[in-house]
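Me: Please look over the model shown here with me, and let us reason through its ligand site, a pocket and some backbone features.

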Amino acid sequence: MKAPSAVIVLIVCLSAATPLLASSAVGDVVGKLTVGYQGWFGAKGDNSPHNSWIHWPHNSDHPYKDHTNFEIYPDTREYTHTYQTGYANLGNGQPAKLFSSWDKQTVDTHFKWMKEDNIDTAALQRFASSVKRDPIAQKSLNGVADNVRAAAEAHDRKFYIMWDISGWNNFATEIIEDYDNNIKRLVSSKAYAHQNGKPVVCIWGFGFNGRPQDTKGAIALIEHFKQQGLYVAGGVQTQWRTDTTAWKDVYTKLDMLQPWTVGRYGNIKGAEDYKKTLEADHNTLKQHNIDYQPVLFAGSSWSNSHPASKRNENPRVHGDFMWRQFVNVRELDIPSCYVAMFDEYDEGTAIAKAAENKSMIPTDQWFLTMDADGVAVSADFYLRLAGDGNRMMQKQIPLTQTHPTKHYP
Ligand SMILES: *[C@@H]1O[C@H](CO)[C@@H](O)[C@H](O)[C@H]1NC(C)=O
């Protein structure tokens, strides 16, 4: 009996003396599951400022075989507005139509799914190309942001803004302008995400090769937002912890770090091995009193937009790959995570409803279907899986090595 009580005394002493601090208390991002939200799809006929096909095709005004930019075909059955494409009919004989994020009902449906499947918060992305260089694109972007606000309010979900600095050399000053001109008005929404009592913003792309390297500007931007009373998260490169460049002084200014993982591992063994990195990241961030938000993904593949790459490159294995990542988070008792992404049909990470099998895709174009790894799953399977992963992270259901989520409901 002696040994255990001595151990307990020792643990109590250590925890009193330890420099390790806990994460922030539960808010709208800590203790919650966030999904990345692109909201960037446009269609010819949608009456948006573009009124043309956006993101479904690349460099084309019509989505059709040689111009296909997306890897996964959405399940469009619940949208009231969809738009006729140039593809042949679906395998089930229905016309091949696609949705637009400009339509309120589209975004409303997405946030309804989030509510149904226990997804708490969405991070709406903003890119330089839309924010700054093109007034038409900016109008579109702001219209979709209004849709997100209305949908989050209607379905009792939270949202916040995440700027992606890819290709955005003047991000440090232009993000502030965008915040002042376009985003401040959203922050008053009851659905705008708060953490530690502060509205949340995120800047994605710090420390990556091939992206802007303005570390001084990054620090000034973070400090400006903090002075405005915001909670500032950052999407950072995977190896941030061992980065010896000037970026190392940027990471420690942030309130929350979200190291990118999509494509950094691509199978269950890789996800298992990544647990060591999660643990080391988590410990380092606790010492700095910075919150940690691991990035999880269902699988990824982009052979339609990058024909040299493999089809089904990082397979989903009917949910086992993403579940393994939720297990890591739960085993390490990390209280927050981010699923990349809700509606990323382009890079094949989308968890939103998608074509189950050949009956739901055009007969004249290959798409990655949900049955690709030999097990049929429902169109909403990855939403339900993410919802169960969130329950496990929040300890509402026990830790299990295999997912409790049925392939079909
Ligand atoms: C394909 O998916 C549809 C839609 O859920 C379903 O009705 C059908 O049974 C599936 N077909 C096969 C071969 O799995």
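**Ligand shell, pocket and backbone**

Reply: By class, the shell around the ligand in this predicted model is made up of one nonpolar, two polar and one charged residues.

Me: Which residues are around the ligand, and how much of its accessible area does the protein cover?

Reply: The shell consists of Glu 356, Asn 357, Ser 359 and Met 360. A side-chain N or O atom of Glu 356 lies 2.8 Å from an oxygen atom of the ligand, while a polar side-chain atom of Asn 357 is 2.4 Å from a ligand oxygen atom. On its own the ligand has 360 Å² of accessible area, and the share of this that the protein covers is 40%.

Me: Which residues are closest to the centre of the second largest pocket?

Reply: The second largest pocket has a volume of about 230 Å³, and its lining comprises six nonpolar, four polar and three charged residues. Of the 13 lining residues, those closest to the centre are Thr 76, Arg 77, Leu 90, Gln 94 and Pro 95.

Me: Which residues does the cis peptide bond join?

Reply: Most peptide bonds are trans. In the loop between strand E12 (337-339) and helix H11 (381-393) lies Met 341. With omega at about -10°, the cis bond joins Ala 340 and Met 341.

Methods
Residues are numbered from 1 along each chain as its sequence is written. This is a predicted model: local features need pLDDT of at least 70, side-chain atom pairs count only at pLDDT 80 or more; totals for chains, interfaces and linings use all residues. Side-chain values use heavy atoms; hydrogens and water are left out. A residue is near a molecule or strand if one of its heavy atoms lies within 4 Å of it. A polar contact is a pair of N or O atoms within 3.5 Å; within protein, one must be able to donate a hydrogen and the other to accept it, and residues adjacent in sequence count only if both atoms are side-chain atoms. Accessible areas come from the Shrake-Rupley method with a 1.4 Å probe; for residues, only the protein chains shown count as cover. Ala, Val, Leu, Ile, Met, Phe, Trp, Tyr, Cys and Pro count as nonpolar, Asp, Glu, Lys and Arg as charged, and the others, Gly among them, as polar. On a 1 Å grid over the protein atoms alone, a cavity is a set of points where a 1.4 Å probe fits but cannot get out, and a pocket is an open set with protein on both sides within 12 Å along at least five of seven lines; lining residues have an atom within 4 Å of a point. Grid points are joined across faces, edges and corners, and a volume is the space filled by probe spheres set on the points. Helices (H or I, at least four residues) and strands (E, at least two) are DSSP runs, numbered from the N terminus.
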